[in-house]
Amino acid sequence: MGQNDHLSPMMKNVMEIITRCTLVIYALIAILLIVIAFLTFFDAVYLIIGLFSHPHLVSGILEVLHVLLLTIIVVEVLETVTGYFRTNRILVRPILIAGLTAMVRKVLILSVDDIQIAEVIWIIGIIAVLTAAIYVVGKSENYPNQGEIR
């Protein structure tokens, strides 16, 4: 017995249209994410080339890391979209990895001058929770339908 067998024929048609629209939207999002990933990657390459003439090497390297981490975040979100196409489910692990990468990026842009202890504690806590969640979800991905949101 199918999941939508209890629906009327008209409601089945409506559900089919909604499903197709969702897939089209996800495909468009995937295309935009690919463009953004390439743009951020090429921006990182441009910044690396500019490191040779950058007056402050350390800040230039941090700038490159900032853009590369942004590229990783975009790629992980893209992986969520492509995972949806593969499994017809939203995969949780790429979202958690994107969140962890965003927190590492946040740590890199923190300045010692305007750092507050409460903010550092929150960031450490969030990183710990995301790391634990990635570990737990990673272990459960060996089994079907676990580690995913329907």
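**Close-up 1. Ala-44 and the residues it touches.** Leaving aside residues up to four places away in sequence, Ala-44 touches Val-64, Val-67 and Leu-68, where contact means heavy atoms within 4.5 Å. This is a predicted model, in which local features need pLDDT of at least 70 and side-chain atom pairs count only at pLDDT 80 or more, while totals for chains, interfaces and linings use all residues. Residues are numbered from 1 along each chain as its sequence is written, and side-chain values use heavy atoms, with hydrogens and water left out. Ala-44 is found in helix 1; helices (H or I, at least four residues) and strands (E, at least two) are DSSP runs, numbered from the N terminus. Is Ala-44 buried or exposed? Ala-44 counts as buried because its relative accessibility is 1%; buried means under 20% relative accessible area, exposed over 50%, and partly exposed in between, with a 1.4 Å probe and protein chains only. Look for Leu-68 too: Ala-44 and Leu-68 are 24 residues apart in sequence, and their C-alpha atoms are 6.1 Å apart in space.

**Close-up 2. Thr-80 and its contacts.** Thr-80 lies in helix 2. With a relative accessible area of 11%, Thr-80 is buried. Which residues does Thr-80 touch, not counting residues up to four places away in sequence? They are Ile-90, Leu-91, Pro-94 and Ile-95.

**Close-up 3. The largest nonpolar core.** A nonpolar core is a set of buried Ala, Val, Leu, Ile, Met, Phe, Trp, Tyr and Cys residues joined through side-chain atoms within 4.5 Å. The largest one has 7 residues: Val-92, Leu-96, Met-103, Ile-123, Leu-130, Ile-134 and Val-137. At least two residues of this core come from helix 3 (93–109), and at least two from helix 4 (117–140). Helix 4 gives the most, with 4 residues. A second, separate core has 6 residues, among them Ala-30, Ala-37, Val-74 and Leu-78. As background, nonpolar side chains tend to be buried together in soluble globular proteins.

**Close-up 4. A nonpolar patch on the surface.** Now turn to the outside, where Leu-57, Val-58, Ile-61, Leu-62, Leu-65, Val-104, Leu-108 and Ile-109 form a nonpolar patch. Patches are made of residues with over 30% relative accessible area and no salt bridge; like charges are joined within 9 Å, and nonpolar side chains (Val, Leu, Ile, Met, Phe, Trp, Tyr) within 5 Å. Together the patch residues have about 640 Å² of accessible area, a value from the Shrake-Rupley method with a 1.4 Å probe, where for residues only the protein chains shown count as cover. Helix 2 (57–87) and helix 3 each supply at least two residues of the patch, and helix 2 gives the most, with 5 residues. One of the patch residues is Leu-62, which lies in helix 2 and counts as partly exposed at 34% relative accessibility.

**Close-up 5. Three salt bridges.** The count comes to 3 salt bridges, each being a side-chain nitrogen of Lys or Arg within 4 Å of a carboxyl oxygen of Asp or Glu. Arg-20 pairs with Glu-16, and their closest N and O atoms are 2.9 Å apart. Both lie in helix 1 (residues 9–50), 4 residues apart, which is about one turn of the helix. Arg-20 counts as exposed at 54% relative accessibility, while Glu-16 counts as partly exposed at 39%. The side chains of Arg-86 and Glu-79 also meet in a salt bridge, at 2.5 Å from N to O. Here Arg-86 is exposed, with 54% relative accessibility, and Glu-79 is partly exposed, with 29%. In the salt bridge of Glu-119 with Lys-106, the closest N and O atoms are 3.3 Å apart. Glu-119 lies in helix 4 and Lys-106 in helix 3, so this pair ties together parts that are 13 residues apart in sequence.

**Close-up 6. Aromatic rings in pairs.** Rings of Phe, Tyr and Trp (its six-membered ring) pair if their centres lie within 6.5 Å; planes under 30 degrees apart count as stacked, over 60 as edge-to-face and the rest as tilted. By this rule there are 4 aromatic pairs. Phe-41 and Phe-42 form an edge-to-face pair, with 5.6 Å from centre to centre and 65° between the planes. Phe-41 counts as partly exposed, at 40% relative accessibility. Elsewhere, ring pairs link Tyr-26, Tyr-84 and Phe-85 into a cluster.
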